[in-house]
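Work through the exercises below with the sequence and the model open. Each task is followed by a solution in steps.

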Amino acid sequence: SFPALFLNYKPFNKISIRFARTKTLTRPDYSSIIPLTRAWGYNRELEWRNKFLEPGLSDNLDFSISAHSDKLGLLTIGYFEKSIRDLIYSSGSRVVLPDDTLRFDLPTEYSNFSLINYELNNPNQIKLEGLEIDYQTRFWYLPSIFSGLVFNANYTVATSEVQYPRTTFDSYFDFETFTYVYVNNDSTYIDRLLDQPDEIVNISIGLDYKGFSGRLSMLYNDNVFVNTDFWPELRENTDAYQRFDLSMKQELPIKGLELFLNASNLTETSDISRYRGISSGGDNFKLKQFYGRTVDLGFRYSF
């Protein structure tokens with residue numbers, strides 16, 4: 001764990017100002033660092049897991065100001081900033097030069113093999129910043145059943161710019177030595193931070209009245225950059241994602257007993273990812289994961 005700083009200042013009774021400075025780690029997936037080497041001699045390709053990956057380190061700044069009143073509810077506006085070092089990502093493929101075998105802890109027999117899906121720590125500093133607006137209120141001042149209405153909304157917008165190292169390799173025949181020479185060509189390209197949407201929206205409306213409680217919620221994610229590649233056409237984005245969920249419960253005459261209903265993904269939204277390039281067939285479709293709709297109906301007893 002790292003030391004963290006949290007400050008909370010209330011200049012007025014209904015105004016609160018908060019500041020936080022923290023550090024967080026992002027550790028590599030287990031599958032990325034397990035000791036694995038698999039070679040294909042006929043095409044001189046090598047699947048290798050990088051056991052030298054270091055955890056990504058993020059320095060985080062958060063600043064927010066909140067205002068609340070009986071009829072307004074709670075309104076919070078916040079700014080956040082992340083400075084990330086050693087981001088783990090896939091740089092594509094590179095050739096293992098003779099001098100690299102020691103650095104990669106590989107046998108010399110794998111010289112001039114090409115690494116498939118080479119993962120590494122990004123040496124470039126990464127900055128992510130964004131704005132978040134959160135609003136929560138209850139309409140207690142309305143008459144009758146309407147006094148139980150509740151409304152929550154959250155909107156987050158973020159921007160990021162990352163320099164991703166990009167490696168391609170070439171080979172040519174040297175007529176002086178009568179051998180093939182392999183060369184890595186290192187460059188960079190600029191894109192968004194991985195797994196980070198530009199916009200996120202959460203909205204829920206609900207009703208609490210006597211023994212009944214219900215919520216209808218909506219989640220919207222803008223498209224997400226999910227896979228790097230040294231070929232721009234093979235980099236992947238998801239489609240924008242929107243789903244609706246419903247939850248309800250009703251207290252029954254027996255103390256501690258209630259009837260509940262939970263319905264997820266009412267519109268049966270699927271996760272879809274696409275390549276940025278267009279294939280010869282005019283499509284860029286990569287993967288669709290269909291989850292469907294789920295409904296849970298039952299009784300809950302608390303004692």
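For sorting lining residues, Ala, Val, Leu, Ile, Met, Phe, Trp, Tyr, Cys and Pro count as nonpolar, Asp, Glu, Lys and Arg as charged, and the others, Gly among them, as polar. The model is predicted.

**Exercise 1.** Describe the largest pocket by volume, lining and residue class.

Solution. 
1. The largest pocket holds about 820 Å³ of space.
2. Its lining has 33 residues, and Leu87, Ile88, Tyr89, Leu194 and Asp195 are the closest to the centre.
3. Elements that each supply at least two lining residues include β2 (15–26), α1 (30–33) and β16 (225–227).
4. β5 gives the largest share, four residues.
5. By class, the lining of the largest pocket splits into 13 nonpolar, 13 polar and seven charged residues.

**Exercise 2.** Trace the pairing of β19 with β18 and β22.

Solution. 
1. β18 (residues 241–251) and β19 (residues 257–264) run antiparallel, joined by six bridges.
2. In this pair, Met248 stands opposite Leu261.
3. Five residues lie between the two strands of the hairpin, where Gly256 has a positive phi near 90 degrees.
4. β19 also pairs with β22 (residues 294–301), antiparallel over eight bridges.
5. There, Ser264 faces Thr294 as its opposite residue.

Methods: Residues numbered from 1 in each chain as written. Predicted model: local features only at pLDDT ≥ 70, side-chain atom pairs only at ≥ 80, totals over all residues. Heavy atoms only, no water. Pairing = 2+ DSSP bridges. 1 Å grid on protein atoms, 1.4 Å probe; cavity = no way out; pocket = protein on both sides within 12 Å on 5 of 7 lines; lining within 4 Å. Points joined across faces, edges and corners; volume = space filled by probe spheres on them.
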